[in-house]
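Welcome, and please open your viewer. Have the selection tool ready, and we will walk through the fold together.

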Amino acid sequence: MFKIAVLGGGNGAFIAASELSLRGFNVNLCEVPEFESNIQIAKTKGGIDLEVKANTGFQGGFAKLNKVGTDIKEAVIDRDIIFTIVPSFAQKRFVKWGAEYFSPEQIL
C-alpha cells in the first residue's frame, strides 16, 4: 500500500485524507503552522470523523491518520505520493516549503 501525505487543512484536504485512510492507505496530514487551528481536532483525535450525508460513494467513519501536524519534513519524508490540496494561490507556498524534503521517487 502506498504511503501518502496530504498537504493542506481545508475541506478538500480533509476529505482526501479521510477517504484515503478509510481505503486502507497510511496517510499524513500537514498544514502550515499559522493555520494549525484548522487541523487541531484531527491532531487531538488522531484522525477525522467523516460523516457522509448523501450517497456520494464515500463510506464514512473514523479515518485514523498516521501523523497530523505542521512539520512538513515529518509529513513527507517517507511518503510515496504527496497531494497538495490547497487553493491555487497557496500552492507555490507549499511547494517552496517542502522542496528540500521532496525526492525524485515521490509522486507530487
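**First stop: a serine side chain**

Select serine 18 and isoleucine 15: the serine 18 side chain comes to 3.2 Å from the backbone oxygen of isoleucine 15. Keep in mind as you look that this is a predicted model. Serine 18 belongs to helix H1, residues 11–22. Is serine 18 buried or exposed? Its relative accessible area is 0%, so serine 18 counts as buried. Now show its neighbours: leaving aside residues up to four places away in sequence, serine 18 touches Ile48, Leu50 and Ala63.

**Next: the sheet**

Zoom out to H1, which lies across S1, S2 and S6 and runs at about 165 degrees to S2. Then select the strands themselves: 4 of them form an open sheet with parallel pairing, in the order S5-S2-S1-S6. At the edges you will find S5 (67–69) and S6, each pairing on one side only. From one strand to the next, the twist averages 15 degrees.

Stay with S1 and S6, which run parallel and are joined by 4 bridges. Pick alanine 5, and you will see isoleucine 82 of S6 standing opposite.

**Last stop: helix H4**

Select residues 88–98, helix H4, and colour its buried residues: Ala90, Phe94 and Gly98. Look down the axis of H4: these buried residues fall within an arc of 65 degrees, so they line one face of the helix. An α-helix has 3.6 residues a turn, so residues three or four places apart point the same way. Turn to the other side of H4 to find Ser88, Phe89, Lys92 and Lys96 exposed.

What do the buried residues of H4 pack against? Display strand S1 (3–7), strand S2 (26–30), helix H3 (72–76) and strand S6 (81–84) to see their partners.

Notes
Residues numbered from 1 in each chain as written. Predicted model: local features only at pLDDT ≥ 70, side-chain atom pairs only at ≥ 80, totals over all residues. Heavy atoms only, no water. Buried < 20%, exposed > 50% of the residue type's maximum accessible area, 1.4 Å probe, protein only. Helix = DSSP H or I, 4+ residues; strand = E, 2+ residues; numbered from the N terminus. Arc of directions from axis to C-beta. Contact = heavy atoms within 4.5 Å. Polar contact = N/O pair within 3.5 Å; in protein donor to acceptor, adjacent residues only side chain to side chain. Pairing = 2+ DSSP bridges. Axes fitted to C-alpha atoms, helices over the stretch in contact; angles between N-to-C directions.
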